[in-house]
Amino acid sequence: MNKRAWAMLCLLSLSTSALAEKIGVSMAYFDQNFLTIIRQSIEKEAKARHLDAQFEDARGDVGRQTDQVQSFISAGVDAIIVDPVDSASTPALTKLAQQAHIPLVYVNRTPGDKTLPPGVVFVGSDERESGTLQMEALAKQAGYRGNVAIMIGNLSDAGALQRTKDVEQVVAKYPDMKVVLKQTANYARNEGMDLMLNWLSNGEEIDIVAANNDEMAIGATMAMAQAKPKKTILVGGIDATPDGLKALASGRLAVTVFQDAVGQGKKSVEVAQQMIKGQKVDAHQWIPFELVTQQNMQRYSNKNP
């Protein structure tokens, strides 16, 4: 290849790179299992669509996430994807993106905005389904009787509050069931374990544990393995993560609910690119929840890898 041809090839390569659409992605956490699946899905889909994606870890800090969004805007990205640290923080992020005229996609955690303006979209699952599916299945397995303890993700997350409300509404339908305990464990396995150990050591009468996610549910089963309660306690999770499905297969979990992390990540990139191109999209992009039991779990084994 002569020098001129080489120079032209380099120039073409540079111009193609420069023209690549750029998206900034701020995740609430890099180290939470479910969010890791979403992040990996976003990365894979961005590559498939020839998008240049920059990822930042907010590490559970609203201020850090706000700074990341401002940095994306300053860098001139074409779109922003945010998995919010706190639902209450999203109106401020929405305002930043709107002022900069940059498309914004919220993924997974429900934004706290009363309404989403044009150019802002939420991709996720309708939390009114999640806790309802979970608790109805647990109630059935328990013969529609017993004391229910709820492990709440965290109090700043609209999704966790909705899942908790779902569980309470199902329990209220059945005269021989009642919610006796509800406490936060921040979606974390270790905190779920500590909370369950505390409940058991205090002699709490619990028949069912409805956890807002699989990680806390797994923590509860670890506590039970250690404390060895005299009676069987049914434990349910949400998300159908790989670890959640393993716990379900072994009988440690009674039920989980599939939330499509891969689908949420993929759809968030698809929607971001559609908005970059000026296409009109619906403000809410729903990815359905699905009940997972030991009877049907095989079909979910590769859905949240």
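Helix 6 (residues 158–172) lies across strand 6, strand 7 and strand 8 (208–211), and its direction makes about 170° with that of strand 6. Helix 7 (residues 189–201) also packs on the sheet, where it touches strand 6, strand 7 and strand 8 and runs at about 145° to strand 6. These descriptions refer to a predicted model.

The sheet itself is open and consists of 4 strands in the order 7-6-8-9, with parallel pairing. Because strand 7 (177–184) and strand 9 (234–236) stand at the edges with a single partner strand each, one side of each is left without a neighbour in the sheet. From one strand to the next, the twist averages 20°. Strand 6 (residues 146–152) and strand 7 run parallel and are joined by 7 bridges; within this pairing, glycine 146 has methionine 177 of strand 7 as its bridge partner.

| Pocket | Volume | Lining by class |
|---|---|---|
| Largest pocket | about 420 Å³ | 7 nonpolar, 10 polar, 9 charged residues |
| Second largest pocket | about 290 Å³ | 5 nonpolar, 5 polar, 5 charged residues |

The largest pocket is lined by 26 residues, of which Gln32, Leu35, Arg109, Tyr187 and Asn213 are the closest to its centre. Helix 2 (33–48), helix 6 and helix 8 (214–227) each supply at least two residues of this lining, and helix 2 gives the most, with 3 residues.

In the second largest pocket, 15 residues form the lining, and Thr110, Pro111, Asp126, His284 and Trp286 lie nearest the centre. Here helix 5 (127–141), helix 6 and strand 11 (284–286) each supply at least two lining residues.

Definitions and conventions: Residues numbered from 1 in each chain as written. Predicted model: local features only at pLDDT ≥ 70, side-chain atom pairs only at ≥ 80, totals over all residues. Heavy atoms only, no water. Pairing = 2+ DSSP bridges. Axes fitted to C-alpha atoms, helices over the stretch in contact; angles between N-to-C directions. Contact = heavy atoms within 4.5 Å. 1 Å grid on protein atoms, 1.4 Å probe; cavity = no way out; pocket = protein on both sides within 12 Å on 5 of 7 lines; lining within 4 Å. Points joined across faces, edges and corners; volume = space filled by probe spheres on them. Nonpolar A, V, L, I, M, F, W, Y, C, P; charged D, E, K, R; others polar.
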